[in-house]
Amino acid sequence: MALTIAIQNRDGTPGVLGDVYMCVAKITFDNSYPTGGLALTAGTLKLPPEATLKYVNVTPATGYVFAFDYTSNKVLAYRSAASGAAMLEVTNGVDLSTIVARCFAIAGV
């Protein structure tokens, strides 16, 4: 139950601008989504372990919309049950292994 991360920055490492770190990555979900989301930390994005994620955007993919929970450092997946209905978190155990989304993150120390 983890995200697979592929850093997309030109040289495969995070970008640095002053004391801010930036990372673009492709994230692939796994085959058993846990209620409450999947962990995404500065370390999993190859950012310095002392860095704190300040901004995370995960693009929608294949009918799913994603949100980042800054308190628990987790990516949550949402999907609408019906046209016009409010989005609900994906239920526990759902296979999202075919979902690949792009993530942009900014972290600071």
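**Briefing on the predicted model**

Tyrosine 70 is partly exposed, with a relative accessible area of 39%; by the cut-offs used here, buried means under 20% relative accessible area, exposed over 50%, and partly exposed in between (1.4 Å probe, protein chains only). This is a predicted model, in which local features need pLDDT of at least 70 and side-chain atom pairs count only at pLDDT 80 or more, while totals for chains, interfaces and linings use all residues. Residues are numbered from 1 along each chain as its sequence is written, and side-chain values use heavy atoms, with hydrogens and water left out.

**Confidence**

- The mean pLDDT (the predictor's confidence in each residue, from 0 to 100) is 91 for the protein, and 96% of the residues score at least 70.
- Confidence is highest in β6, at 97, and lowest in strand β2 (residues 15-17), at a mean of 78.
- Strands are DSSP runs (E, at least two residues), numbered from the N terminus.
- Where pLDDT is low, the predicted coordinates should not be read in detail.

**Surface patch**

- Tyrosine 70 sits in the loop between β6 (65-69) and β7 (74-80).
- Together with Tyr55 and Phe104, Tyr70 forms a nonpolar patch on the surface, and the three have about 280 Å² of accessible area together.
- Patches are made of residues with over 30% relative accessible area and no salt bridge; nonpolar side chains (Val, Leu, Ile, Met, Phe, Trp, Tyr) are joined within 5 Å, and like charges within 9 Å.
- A salt bridge is a side-chain nitrogen of Lys or Arg within 4 Å of a carboxyl oxygen of Asp or Glu.
- Accessible areas come from the Shrake-Rupley method with a 1.4 Å probe, and for residues only the protein chains shown count as cover.

**Cysteines**

- Zero disulfides (pairs of cysteine sulfur atoms within 2.5 Å) are found in the whole structure.
- For cysteine 23, the closest cysteine sulfur is that of cysteine 103, and the distance of 6.9 Å is too far for a bond.
- Cysteine 23 is buried, at a relative accessible area of 1%, and cysteine 103 also counts as buried, at 1%.

**Valine 16**

- Valine 16 belongs to strand β2 and counts as exposed, with 55% relative accessibility.
- The C-alpha atoms of valine 16 and isoleucine 106 are 9.6 Å apart, although 90 residues separate the two along the chain.

**Positive phi angles**

- Lysine 46, which is not a glycine, has a positive phi of about 60°; lysine 46 lies in the loop between β4 (38-39) and β5 (52-58) and is exposed at 55%.
- Threonine 62 has a positive phi near 50°; threonine 62 lies in the loop between β5 and β6 and is exposed at 59%.

Methods
Helices (H or I, at least four residues) and strands (E, at least two) are DSSP runs, numbered from the N terminus.
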